[in-house]
Amino acid sequence: MQPYQLVKDLRTGVTSTQPSDVIDGDLDAFMAAALSQRVTGERVDVEDVD
């Protein structure tokens with residue numbers, strides 16, 4: 001994580017600038033994008049989830 005403060009799911013394009021939140025379990029945006037991609041087959045562009 002150092003020196004960058006970013007978590008990015010390369011499969012869906014979802015990013016978060018709060019890695020500590022992601023480590024603590026705030027995965028809702030990542031899971032929603034993955035499920036949406038699985039249903040539609042399209043990549044979901046969601047950027048900068050805070």
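Guide: Let us begin with Thr12, which lies in the loop between strand E1 (7–8) and E2. Helices (H or I, at least four residues) and strands (E, at least two) are DSSP runs, numbered from the N terminus. This is a predicted model, in which local features need pLDDT of at least 70 and side-chain atom pairs count only at pLDDT 80 or more, while totals for chains, interfaces and linings use all residues. Residues are numbered from 1 along each chain as its sequence is written, and side-chain values use heavy atoms, with hydrogens and water left out.

Visitor: Is Thr12 buried or exposed?
Guide: Thr12 is buried, because its relative accessible area is 1%. Buried means under 20% relative accessible area, exposed means over 50%, and partly exposed lies in between (1.4 Å probe, protein chains only).

Visitor: What does the side chain of Thr12 contact?
Guide: The side chains of Thr12 and Asp9 are joined by a polar contact of 3.2 Å. A polar contact is a pair of N or O atoms within 3.5 Å; within protein, one must be able to donate a hydrogen and the other to accept it, and residues adjacent in sequence count only if both atoms are side-chain atoms.

Visitor: Let me step back. What pattern does the protein follow along the sequence?
Guide: The pattern is β-β-α-α, and the secondary structure comes to two helices and two strands. Of the 50 residues, 20% count as buried.

Visitor: Where is Ser16?
Guide: Ser16 is in strand E2 (residues 15–16). Ser16 is buried, with 4% relative accessible area. A polar atom of the Ser16 side chain lies 3.2 Å from the backbone nitrogen of Gln18.

Visitor: New topic: which residues form the negative surface patch?
Guide: Asp21, Asp24, Asp26 and Asp28 form it. Patches are made of residues with over 30% relative accessible area and no salt bridge, with like charges joined within 9 Å and nonpolar side chains (Val, Leu, Ile, Met, Phe, Trp, Tyr) within 5 Å. Lys and Arg count as positive and Asp and Glu as negative, while His and the chain ends are not counted.

Visitor: Where do Asp21 and Asp26 sit?
Guide: Asp21 is found in helix H1 (residues 19–23), and Asp26 is in the loop between H1 and helix H2 (28–40). Asp21 is partly exposed at 31% relative accessible area, and Asp26 is also partly exposed, at 41%. Asp21 and Val7 are 14 residues apart in sequence and 10.0 Å apart in space, C-alpha to C-alpha.

Visitor: Then helix H2. What does the side chain of Thr40 reach?
Guide: Thr40, a residue of helix H2, reaches the backbone oxygen of Ser36 at 2.9 Å with its side chain. Thr40 is partly exposed, with a relative accessible area of 48%.

Visitor: Is Arg38 buried or exposed?
Guide: Arg38, also in helix H2, counts as exposed at 74% relative accessibility. Arg38 and Thr12 are 26 residues apart in sequence and 9.9 Å apart in space, C-alpha to C-alpha.

How values were computed:
Accessible areas come from the Shrake-Rupley method with a 1.4 Å probe; for residues, only the protein chains shown count as cover. A salt bridge is a side-chain nitrogen of Lys or Arg within 4 Å of a carboxyl oxygen of Asp or Glu. The place of a charge is taken as NZ of Lys, CZ of Arg, CG of Asp or CD of Glu.
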